[in-house]
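Here is a short tour of a structure for anyone who likes to look at geometry up close. Have the sequence and the coordinates open, and let us walk through them together.

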Amino acid sequence: MILTDFHTHSYCSDDGTASIYEMALAGAEKGVSIMCITDHVDIDYFETGGLNPDCFSHWGKIKEEYARAVEKLQGRIDLRLGIEFGEANHAPELAESIASTGELDFIIGSLHNVRDYPDFFCIRYKSEKECRELVDRYIEEHFELAELGFFDVLGHLGYTKRYMKRRGFDIGLEGHEDRLRELFRLLIQNGKGIELNTSGLRDTTGSTFPEKHVLKLYREAGGEIITVGSDSHRTEDVGANIEDACELLREAGFEYVTVFKKRKPEFIKL
Ligand SMILES: [Zn+2]
Ligand SMILES: [Zn+2]
């Protein structure tokens, strides 16, 4: 089986710990064949949700690090370069200028906060009602993203559960099936996909993002573009649970996993 990991962060992300070279070397050592570095480019400041106009200012550094890594790796792994693009719907003009650089292999479109709120990670959830309202807004903002299209796959759908569960509210995307089917139809129509993110398997959430029942909805809607990613922020986690993710994809009816090069999908038999 060809292992791919299309969601990884280096220290070019604020929450990363290792260089692009170290992350890619860890991938090669774990048998990952094709990997993409997807450092954060967040339109909003995570603490406040306010706009960060300089969110792409580290791109020069990322490119330098990437070039150095590719040289040192000497073909041990097929390393690609993308970004995890947060909150692109909050500043569409800025987002368009970033997404159209032409230098990116891949863009994950993520939402880490809804408009006028801080990052989901920062919120001290106080009630089930508050959580449910935020999940509603989270899903609705994905429609804005899907319409705008400054991405290739939607990132970690339903990962809000991680932070809500930590505060005692075990709330996923159950009950939103109809709206999710609509979202998936829109995505497919616009030639976009989703990712299967394994990071929740390494923490108390205990599930992938999205969870299996949502993954099945995407497949039933005709979804074919799907990447897998560890969302690793340290070398130990590169490639983590990717084989489990591929098994889950097969169980949900997928025959291929997707990778991207210069924003074009390539399909690898599972
Ligand atoms: Zn993310
Ligand atoms: Zn990430």
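Phe6 is buried in this predicted model, its relative accessible area being 0%. Phe106 is likewise buried, at 0%. The two rings have planes at 65° and centres 5.2 Å apart, so they make an edge-to-face pair.

Phe120 belongs to the loop between S4 and helix H4 (128-148), while Tyr138 is in helix H4 itself, 18 residues apart. Phe120 is buried at 0% relative accessibility, and Tyr138 is buried with a relative accessible area of 0%. Both belong to one aromatic cluster, together with Phe121, Tyr159, Tyr163 and Phe209. The whole structure holds 11 aromatic pairs; here are two of them:

| Pair | Centre to centre | Angle between planes |
|---|---|---|
| Phe6 and Phe106 | 5.2 Å | 65° |

Now to the metal. Which residues coordinate the zinc ion (ligand 2)? They are His7 (NE2), His9 (NE2), Glu84 (OE) and Asp231 (OD), at 2.1 to 2.2 Å. The site is irregular, with angles of 82 to 168° among the four donor atoms. Glu84 also coordinates the zinc ion (ligand 1), which is 3.5 Å from the zinc ion (ligand 2). Glu84 lies in strand S3 (residues 78-86) and Asp231 in the loop between strand S7 (226-229) and helix H8 (242-251), so this pair ties together parts 147 residues apart in sequence. Both Glu84 and Asp231 are buried.

Key:
Residues numbered from 1 in each chain as written. Chains lettered and ligands numbered in written order. Predicted model: local features only at pLDDT ≥ 70, side-chain atom pairs only at ≥ 80, totals over all residues. Heavy atoms only, no water. Donors = N, O, S within 2.8 Å, 3.2 Å for Na, K, Ca; no water. Tetrahedral: all angles 85-135°; square planar, octahedral: opposite > 155°, others 65-115°. Helix = DSSP H or I, 4+ residues; strand = E, 2+ residues; numbered from the N terminus. Buried < 20%, exposed > 50% of the residue type's maximum accessible area, 1.4 Å probe, protein only. Phe/Tyr/Trp six-rings, centres within 6.5 Å; stacked < 30°, edge-to-face > 60°.
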